[in-house]
Amino acid sequence: MIYFDNSATTQALPEVVSTYAKVSEQVWGNPSSLHKFGESAWNLLEQSRAQIAKLLGANPGEILFTSGGTEGDNLVVKGTAFEKREFGKHLITTTIEHPAIQNSMEQLEELGFDVTYLPVDEHGRISVEDLKAAIRPDTILVSVMAVNNEIGSEQPLVEVADVLKDYPKIHFHIDAVQGIGKGLQDAIMNDRVDFVTFSGHKFHAPRGTGFIYARAGRKIAPLLTGGGQERNLRSGTENVPAIAAMAKALRLLLDHEQEAVARELTIKQTILNHIQGLRNITIFSEDTANFAPHILCFAIEGVRGETIVHAFEEQGIYISTTSACSSKKHLASSTLKAMNVADDVATSAVRVSLGDQNTLAEAEEFNRVFDQLYAGFGKIMA
């Protein structure tokens, strides 16, 4: 079995599962309780927070635990809107954001907020000049993803940060769900960013885990109210075993980040070099510095994406159509549509997404199976 769908989710590492099980058995108190069982849970919760903060170069008080990327995006976008609405109701994002951002923005528009969606070019990147032109006196938030989950394009985060240094009252949010552990930490954790969203199951942590970097002094309104956990910003008893496991997964990821990124890039290049130039093949993920090392999106024109996915699956290779969130809905890639790719090409797109456990041998096997399937697809393309 070859698993090339790591942008959808990753397998929890054995040592991460072990941490989860150990904490579940031994530290099962509520961290809000005053007795010794609660104190033990509280101490482990704060140790996990401190470890994550150290890995990112942040302060422990700037780490806010969530259930994942979707909740984190919702909290930052809607929390900013509700907290700062008296100062303005204009928000800026891009046309290729994850549905957690897109749908949050659409909800806010229904509530009377005004949203500007920055277009992208043929490479899936926004223009900093478009951003400058979009900023208004009533702008309260700019939200930009680090790495697109469908084609792997990287946004010019440092350049965006430079623009926003002249607008210190605007919240700057980065969705880094696809960017963690991919050699982009300096750009993601730049000195102007206010909020960054992370999701644990993208880096071998348990599902249902995540966290936000929230710069000290920046305020957002809570979406979940109750017991006042997480500095009153995210009520609900913290999942201490999963959080401890996530902290371990992040450490393991970043301990060998450079090695993993180099290997992922080699695997991506091996597949890309094999398929580019073939008839009816369109490649959307370029082999340049502006694309992440782990995502390769391409189309076999004339063959629907789900047909390609199932054909590879029958050979024991697991890839996906462009987004796990829309694959079962048989929708064309929203990113490719934003790039003005024709529908008949967009519906043929598939995504290979690599992880730090994939190997060059797997890429070579992928290429062998690709040749076999491509020859069979010739009848469909004809």
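**Entry 1: Ile151**

I looked up Ile151 and found it in the loop between β5 and α6. Helices (H or I, at least four residues) and strands (E, at least two) are DSSP runs, numbered from the N terminus. The model is a predicted one, in which local features need pLDDT of at least 70 and side-chain atom pairs count only at pLDDT 80 or more, while totals for chains, interfaces and linings use all residues. I number residues from 1 along each chain as its sequence is written, and side-chain values use heavy atoms, with hydrogens and water left out.

Is Ile151 buried or exposed? Ile151 counts as buried, because its relative accessibility is 0%. Buried means under 20% relative accessible area, exposed over 50%, and partly exposed in between, with a 1.4 Å probe and protein chains only.

I then listed what Ile151 touches, not counting residues up to four places away in sequence; among them are His123, Gly124, Phe284, Phe291, Cys297 and Met339. A contact means heavy atoms within 4.5 Å. I also noted Ser353, which is 202 residues from Ile151 in sequence but 9.4 Å away in space, C-alpha to C-alpha.

**Entry 2: helix α6**

Next I went to α6, residues 157-164. Which of its residues are buried? They are Leu157, Val160, Ala161, Val163 and Leu164. Seen down the axis of α6, these buried residues fall within an arc of 160 degrees, so they line one face of the helix. The arc is that of the directions from the helix axis to the C-beta atoms. I wrote the general rule beside this: an α-helix has 3.6 residues a turn, so residues three or four places apart point the same way.

I checked what covers the buried residues of α6, and the cover includes α5 (128-134), β5 (139-145), β6 (171-175) and α7 (185-188).

Arg49 is found in helix α2, residues 36-56. Arg49 is buried, with a relative accessible area of 7%. Leaving aside neighbours within four places in sequence, Arg49 is in contact with Pro60, Ile63, Leu64, Phe65 and Glu230.

I followed the last of these contacts. Glu230 lies in the loop between β8 (210-214) and α8 (240-255), and at 6% relative accessibility it counts as buried. Glu230 has a positive phi of about 55 degrees although it is not a glycine.

**Entry 3: Asn340**

Asn340 also went on the list for its phi, which is positive at about 65 degrees although Asn340 is not a glycine. I found Asn340 in the loop between α11 (334-338) and α12 (343-346). Asn340 is exposed, with a relative accessible area of 70%.

**Entry 4: Gly79**

Where does Gly79 lie? Gly79 lies in helix α3, residues 69-84. At 0% relative accessibility, Gly79 counts as buried. Its contacts, leaving aside neighbours within four places in sequence, are Asn74, Ile220, Ala221 and Leu223.

I looked up Phe113 in the loop between α4 (99-110) and β4 (114-118). Phe113 is buried, with a relative accessible area of 7%. Beyond four places in sequence, the contacts of Phe113 include Ala81, Arg85, Gly88, Leu108 and Ile140. Gly88 is 25 residues from Phe113 in sequence and 8.6 Å from it in space, C-alpha to C-alpha.

Leu354 is in the loop between β12 (349-353) and α13 (360-381). Leu354 is buried, with a relative accessible area of 2%. Not counting residues up to four places away in sequence, Leu354 touches several residues, including Phe4, Asn6, Lys182, Ile267 and His294. The C-alpha atoms of Leu354 and Ile267, 87 residues apart along the chain, are separated by 8.1 Å.

**Entry 5: the whole chain**

I finished with the totals. How many helices and strands does the protein have? The protein has 13 helices and 12 strands. Its radius of gyration is 21 Å, close to the 21 Å that the globule rule gives for 382 residues, so the protein is as compact as a globular protein of that length. This radius is taken over C-alpha atoms, and the rule is 2.2 Å times the number of residues to the power 0.38. Of the 382 residues, 57% count as buried. Residues 24 or more positions apart account for 72% of the contacts with a separation of 6 or more.
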